[in-house]
Amino acid sequence: MANVTVIGAQWGDEGKGKIVDWLASRADAVVRFQGGHNAGHTLVVGDKVYKLSLLPSGIVTGTLSIIGNGVVLDPWALKAEIEKLEGQGVTITPDNFAIADNCPLILPLHRDLDGLRETAAGAGKIGTTGRGIGPAYEDKVGRRAIRVCDLAHLDHLEPQLDRLCAHHDALRAGFDQPPVDRDELLADLREIAPFVLQFAQPVWKRLKKVRKAGAKILFEGAQGVLLDVDHGTYPFVTSSNTVSGTAAAGSGLGPGSTGFVLGIVKAYTTRVGSGPFPTELNDDVGQRLGERGHEFGTVTGRQRRCGWFDAVLVRQSCAISGVTGIALTKLDVLDGFDTVRICTGYRLDGKILDYFPSHAADQAAVEPIYEEMEGWRETTAGARSWADLPAQAIKYIQRVQELIETPVALVSTSPEREDTILVRDPFVDRG
């Protein structure tokens with residue numbers, strides 16, 4: 001049996017929650033390996049809706065769920081999310097939930113800095129969620145982070161606080177803010193420490209044991225490849241690597257553990273926040289896609305920008321992330337269009353490009369080249385086999401997989417777990 005790594009192959013919000021939930025019900029362990037509580041997954045199970053932003057999706061079904069060391073952890077957000085889910089009847093104990101003890105923490109000072117920077121940035125705003133994710137990753141790389149394991153040694157935290165505050169007090173002074181209140185920070189950490197530490201452990205060790213037993217591991221990515229700090233639309237990206245390769249480094253398992261890489265791809269394109277978006281539609285069609293697709297962020301509630309499917313971007317994402325097969329989601333949103341369009345290339349300064357350039361100015365200047373296809377009037381919502389799909393919808397799917405040079409592994413036709421057309425089983429088919 002193969003492990004499966006799920007990543008978003010666009011700018012996030014591709015419907016990963018539904019697919020991960022569907023796969024999690026068949027996995028033995030689910031692992032988050034990057035990001036923080038800036039990434040939301042909405043799960044619809046029967047008549048219940050669960051909104052997760054930090055916990056792995058397997059927690060809803062009682063599957064062993066692990067937060068890997070590649071995640072930055074806000075302990076207060078974690079506590080609030082666990083309490084909310086417990087209120088919905090979900091059981092969360094150290095038996096089914098674990099946190100890597102080498103996870104860096106998101107502290108109140110990180111949230112402060114995030115907000116201060118975005119407010120001051122003016123036209124240079126990146127459009128962060130303001131939750132302190134970026135500043136927490138900066139402190140990790142700057143070797144001044146406070147980590148989960150430090151919560152068990154708070155009486156010996158002074159040298160780390162010296163390093164941390166030397167950095168943050170200088171930044172805060174630049175924003176005309178008072179220095180970090182070290183006593184308050186320590187008091188907050190002492191209060192939250194017992195809650196977090198009950199779940200803390202060297203998760204690489206637990207995962208090694210799980211893998212040795214032949215269990216199926218599902219690596220759950222957050223955001224999307226186009227938000228990757230290296231490969232995305234820099235600087236309008238997140239602060240972590242979102243590509244599939246991060247599953248190894250962010251969990252403590254080797255690169256051979258990622259298994260089948262399933263890229264989640266929406267049948268059109270959306271983006272939240274600032275940054276380039278070649279196929280964006282600021283017209284009735286874009287409005288219609290947004291309304292039909294209920295395009296609002298799980299975490300932020302922000303309306304998503306909408307546009308036609310961009311095959312250039314998805315082909316690039318699939319190549320960079322070594323995608324074995326894609327899960328095509330929200331096909332039903334395209335129902336009823338007379339014609340549908342797919343971006344197959346770009347024009348830039350009189351040249352035709354078959355890739356998305358790295359420079360922000362070039363990214364903003366490219367003009368999409370479209371291929372037009374006949375739409376379909378019949379509904380695809382709730383389809384569970386190819387026979388349930390209109391002929392034109394099947395042609396659209398086939399054209400998408402040709403253009404992105406990656407096969408379709410499954411098609412999702414509604415938020416319901418069972419409304420899925422399975423072409424290749426990621427847990428069985430090693431590609």
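Predicted model: local features only at pLDDT ≥ 70, side-chain atom pairs only at ≥ 80, totals over all residues.
Residues are numbered from 1 along each chain as its sequence is written, and side-chain values use heavy atoms, with hydrogens and water left out.

Let's start with the sheet. It is open, has 10 strands with mixed pairing, and runs in the order β7-β6-β5-β2-β8-β1-β9-β13-β17-β18. At the edges stand β7 (200–201) and β18 (420–422), each with a single partner strand, so one side of each has no neighbour in the sheet. For the terms, strands (E, at least two residues) and helices (H or I, at least four) are DSSP runs numbered from the N terminus, and two strands pair if DSSP finds at least two bridges between them.

Inside that sheet, β1 (residues 4–8) and β8 (residues 217–220) pair in the parallel sense over three bridges, and Val6 has Glu220 in β8 as its bridge partner. Helix α1 (residues 16–24) lies across β1, β2, β8, β9, β13, β17 and β18, at about 170° to β1. That angle is between N-to-C directions, on a scale from 0 to 180 degrees, with axes fitted to C-alpha atoms, for helices over the stretch in contact; contact means heavy atoms within 4.5 Å.

Next, a hairpin. Strands β3 (residues 41–45) and β4 (residues 48–52) pair in the antiparallel sense over five bridges, with Val44 opposite Val49 in β4. Two residues sit between the strands, and Gly46 takes a positive phi near 65°.

Which residues other than glycine have a positive phi? Lys330 does, near 60°, in the loop between β13 and β14. Glu405 does too, near 55°, in the loop between α12 and β17. There is also a cis peptide bond from Tyr234 to Pro235, with omega near 5°; Pro235 is in the loop between β8 and α8.

On to charges: the structure holds 20 salt bridges (a side-chain nitrogen of Lys or Arg within 4 Å of a carboxyl oxygen of Asp or Glu). One joins Glu83 and Lys79, with the closest N and O atoms 2.8 Å apart. Both lie in helix α2 (residues 75–87), four residues apart, about one turn of the helix.

Last, the second largest pocket, with about 160 Å³ of space. A pocket here is an open set of points on a 1 Å grid over the protein atoms alone, where a 1.4 Å probe fits, with protein on both sides within 12 Å along at least five of seven lines; lining residues have an atom within 4 Å of a point. Helices α3 (108–121) and α6 (182–197) each supply at least two lining residues. The lining includes Arg172, Pro178 and Asp188.

Conventions: Points joined across faces, edges and corners; volume = space filled by probe spheres on them.
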